[in-house]
Amino acid sequence: MTSSLLLLAQVTAAAAPEHASSGFTGQVQQIAGQFGIKGPLLLAQIVNFAIVAFLLWRFAFKPVMATITERQEKIAAGLKYAEEMKAKLNAAQQSSDAQIREAQVKGQQLIAEAQKSAKAFLEKQQQEAVEQSNALIGKARSAIELEKQKMLAEARTEIARLVVATTQRVLAKDLSDFERARYNESAAKELSNV
Amino acid sequence: MSAQSKKAQLLARQLFKLSLENGALAPERVTGALAYLEQHRPANPLLVLRAYQRLVAIELARSAAVVEHAGSIADTVLQSLAGSFSARYHRPITATAVANPALIAGLRVRVGDDLYEASIAGQLAALAAAV
């Protein structure tokens, strides 16, 4: 309505610029009459409109705006929180990645050390097994050699005993008294020259 | 060893020394020593006689060469052995023959604690021990 009044005033001013002071009021009243505009009614409508606008602003627009503002703040806070969470998540992700990489490195080191230890242990075990087997082989060889020497000695002794016994029997049977007497004489000479 | 035993040993040694003549045991002196003991009986005559007998037996063994032999052995061989052992030990040694067929052939002479072996059995034993 205000804009209509202003338009009306501009139209009027453009139509008769030379009758600016005295004739202007009459012309306004004439136009207002032609358009059916009455001052008190217009004033009442303006008051009503102000009241309605105030009520709308006070009880509708303002709470809605407050709600919108609150929601915008909440959304902004949520977005900010989300950004923070995203940053934290990224940081945590980076930290976890670093920890994982560190754990992987440590794990690889542990595996390498374990493999190294296992290899050294295996080599040590193999070396000990070889030494033990060599010792056992040496002992077995010594035992075999001893047994062989023992058997040879026993065989030699037995053979010597058999030879001596056989010789004794043969000589005791076959030597004549004359041969014994001659042997006795030679033995006496031997004993005399000792 | 008791005091009586020591005295008996001492008396036996004294009697044994008196029984020697030129380093050899003389039968007359032995008879005289026994007669002395019979006339002058010591406190324990049995101990004295045993000690004296042991000393005489040792001396007889030292002055006797026991010649073990297999087969016959001539007297000349025995005399020659007695002479050689007397010269070796610087005392008169008599040779006594004892037959021992286990020797097969050869001689084994024992003078006191010394043993001399020249027999086939001894050589075979040495061979068996060496092998």
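In the predicted model described here, the contact between the two chains takes 22 residues from chain A and 23 residues from chain B, two residues being in contact if their C-beta atoms, placed from the backbone, lie within 7 Å. Helix H4 of chain A gives the most to the side of chain A that touches chain B, with 12 residues. This side divides into 11 nonpolar, 4 polar and 7 charged residues (nonpolar: Ala, Val, Leu, Ile, Met, Phe, Trp, Tyr, Cys and Pro; charged: Asp, Glu, Lys and Arg; polar: the others, Gly among them).

This is a predicted model, in which local features need pLDDT of at least 70 and side-chain atom pairs count only at pLDDT 80 or more, whereas totals for chains, interfaces and linings use all residues. Residues are numbered from 1 along each chain as its sequence is written, and chains are lettered from A and ligands numbered from 1 in the order in which they are written.

The mean pLDDT (the predictor's confidence in each residue, from 0 to 100) of chain B is 89, and 99% of its residues reach 70 or more. The model scores ipTM 0.71 and pTM 0.48.

Contacts of a single residue were also examined.

How values were computed. Helices (H or I, at least four residues) and strands (E, at least two) are DSSP runs, numbered from the N terminus.
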